[in-house]
Amino acid sequence: MIFERGHFIYEFWVARFSLLAGLWTTVSTSFLTIVIGSALGLVLGLVLAYGIWPLRFLARFYVDVIRGIPLLVLILFAYYGLALFKISVTPYWAGVIALSAFCVSHVAETVRGAIQSVPAGQDEAAKAIGLPFLKRVRYVILPQALRRVLPPWVNTALEMVKGTTLLSVIGVVELLLASQQAIARNYLILQFYLAATLFYFIVNFAIAQLAAALERRFRRFKY
Amino acid sequence: MLNYNFNWSVIWRNWDKFVDALLLGLGMAVVSLLIGTLIGLLVAYARGAGPRWLRWPAFVYVEFIRNVPLLLLVFFVYFGLPELGIYGLDKVQSFVLTLSLYAGAYMAEVFRAGLASIPRGYAEAARAIGLRPLQRQRYVILPVMFRITLPSITNNLVSLFKDTSLAAAIAVPELTFTARQVNANTFRVMESWLTATALYLFTAYAIAIVLRLVEKRYAVIR
Amino acid sequence: MALLEARNVQKHFGSVEVLKSIDLDVEQGQVVALIGASGSGKTTFLRCINLLEQYDAGSIALDGEVVGFTSDGRRRPLSERRVSAQRARIGMVFQQFNLFPHMTAEQNVMLGLTKVQGKAKDEAATIARHWLDRVGLSERRDHYPYQLSGGQQQRVAIARAVAMSPRLMLFDEATSALDPELVAEVLAVIQDLAKSGMTMLLVSHEMLFVRDVASKVVFMDGGRIAQAGPPEEVFHHPENERLKTFLGRFHGMFGQPV
């Protein structure tokens, strides 16, 4: 009964390898995007906060443009556009590049906001004890700013995980497209979409709760 | 640009399509925001002041929507509703329904925060002059709440407008879909996508600028 | 029958007994001042009178009608509609002004007149202008709260309360949140109201003002009334030890003969 054609459990079992492969793609694209996006976003955030004006202007332009266009357009643009520059990339990497470009702008804006929310007195006190600029940033400003970065950063990270579903549009077989391919074979629309939905919900909700708990622990550092 | 020769004539020839697509996206965003605002208000009140049996579903709704990818919801509604025996929604309606439910969860959070941030004193003053509960909400709490949350509502409208791009996935002829179509028909990759990008950027900032003016007009300085 | 009759009013927050047993009469036209250290229960008692706090036992009656509960002695809570109607007959002025931030001074005053008393817009506007004029703010009636100084905001708040023609006015530390140089203008308005025969119950730390304006001074301590009487008696012949200590802080103020 359960192990019969047309039953969800059976069909799920049949599709298990392709679903797992899709899951792995979702995980790897999310991971790459968040790592690349956060690293470059941190640098760009520092440029926004401390850069000389031409650099700061370019960074501001980049951040505001990227934040003003839909992620899907970015992905499609990267997918069709990169080829024009004779950069031959797979849809997978076109997607990772687009998602990372998006992630960078959001992280940069978060980092800038956090740095500028550290009271000016902190920087002045660091100057007063004779710390040079880089050490002030490294030992005084960033440790305080990064705590404020955590909640919005987790938010961005979750957006990126959800954003990887858009890669299905350019044919990257992540979890959503893998589910749709399964549906195309067995026509169990509700069951497979529901399964994918629940999967995203459980993972993202868990991460969000974990981050919230972490943030509560940090709260005692507030001043 | 490695030897890429721009040819913008294909854009001019398809300009009507782009404009229609832009207006369709904008319309879907606005309608979704309106329905989402209604849902958000009800859910925010249910979570804040509702009976216990209502708080829980409200919480689940908000957390569910916010933690599931929008594209998945779009497919779920578009392909799933007929499976549940609900027919008769065309692509646009199906997408607007999805985006409204999506907006509702985010607006609920905005309103919940807004309601929580209103100083108790306003409600007490309203009680002290003898306003009844619904009157207190109608004349004091809601007007103040909307003014406080106006910046967040603006941000949500801009986000929703950008989210209408996902309607392309179910072949709704909005901007992204149109750009992709022009791209496919003419092979003018840069022109198609630069046009779509520019139109998104322009509209997103236009919405933001116009609503910032509205915000200034209605700012509540506390 | 006194205008306001409080009998054995009790109130606790969790395990803390804020009001142990308060008995107080306020006669028509009387100005009663509640004084005492912070935490003595003055503000809580004031808030119980218009049911911003529910009292746990006893009764508070305005014009013989119990506030918030049925008058038959069974202490059943009244409907919100009834409670709202009762509140409309009691004006209240808050420490933090609590003007509605999205309305002009005039709209603030008009809201209760139109929505609670059901008056027409024109009539309400006339009344609002009269009272804004009375508190010296006819020039500012189209200003929003943020465009007004603290003293001006509090005067609008007073106008908003008295415009409803309440039977009783409650003042909850009406000048405590004001900068010192703005206190006098607000006290002048309150004094003007007192002279016009308005019945008032006020919590205040302005002892000189209390001595001048009050016909009865009530010293509260630890959720009870420790001493009550005319100002001369309370200020110059304190019997209660805690009252003596309390007044000691204001020593010098009452050095000269009244």
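In this predicted model, the contact between the chains takes 31 residues from chain B and 28 residues from chain A, two residues being in contact if their C-beta atoms, placed from the backbone, lie within 7 Å. On the side of chain B that touches chain A, the elements giving two or more residues are α3 (52-67), α4 (70-83), α8 (175-186) and α9 (189-218) of chain B; helices are DSSP runs (H or I, at least four residues) numbered from the N terminus. The largest share of this side, 9 residues, comes from α9(B). By class, the side of chain B that touches chain A has 21 nonpolar, 6 polar and 4 charged residues (nonpolar: Ala, Val, Leu, Ile, Met, Phe, Trp, Tyr, Cys and Pro; charged: Asp, Glu, Lys and Arg; polar: the others, Gly among them).

Within chain A, helix α2 (residues 16-50) and helix α7 (residues 133-163) pack at an angle of about 140°, with their axes 9 Å apart. Axes are lines fitted to C-alpha atoms over the stretch in contact, and angles run from 0 to 180 degrees between N-to-C directions. Ser30(A), Thr33(A), Ile34(A) and Gly37(A) of α2(A) make the contact with Ala157(A), Met160(A) and Val161(A) of α7(A). These residues comprise 4 nonpolar, 3 polar and no charged residues.

In chain B, Leu142(B) lies in helix α7 (residues 133-163). Leu142(B) counts as partly exposed because it has 17 C-beta neighbours inside 10 Å, where 20 or more would be buried and 12 or fewer exposed. The C-alpha atoms of Leu142(B) and Ala196(B), 54 residues apart along the chain, are separated by 38 Å.

Residues are numbered from 1 along each chain as its sequence is written, and chains are lettered from A and ligands numbered from 1 in the order in which they are written. Local features of the predicted model need pLDDT of at least 70 and side-chain atom pairs count only at pLDDT 80 or more, whereas totals for chains, interfaces and linings use all residues.
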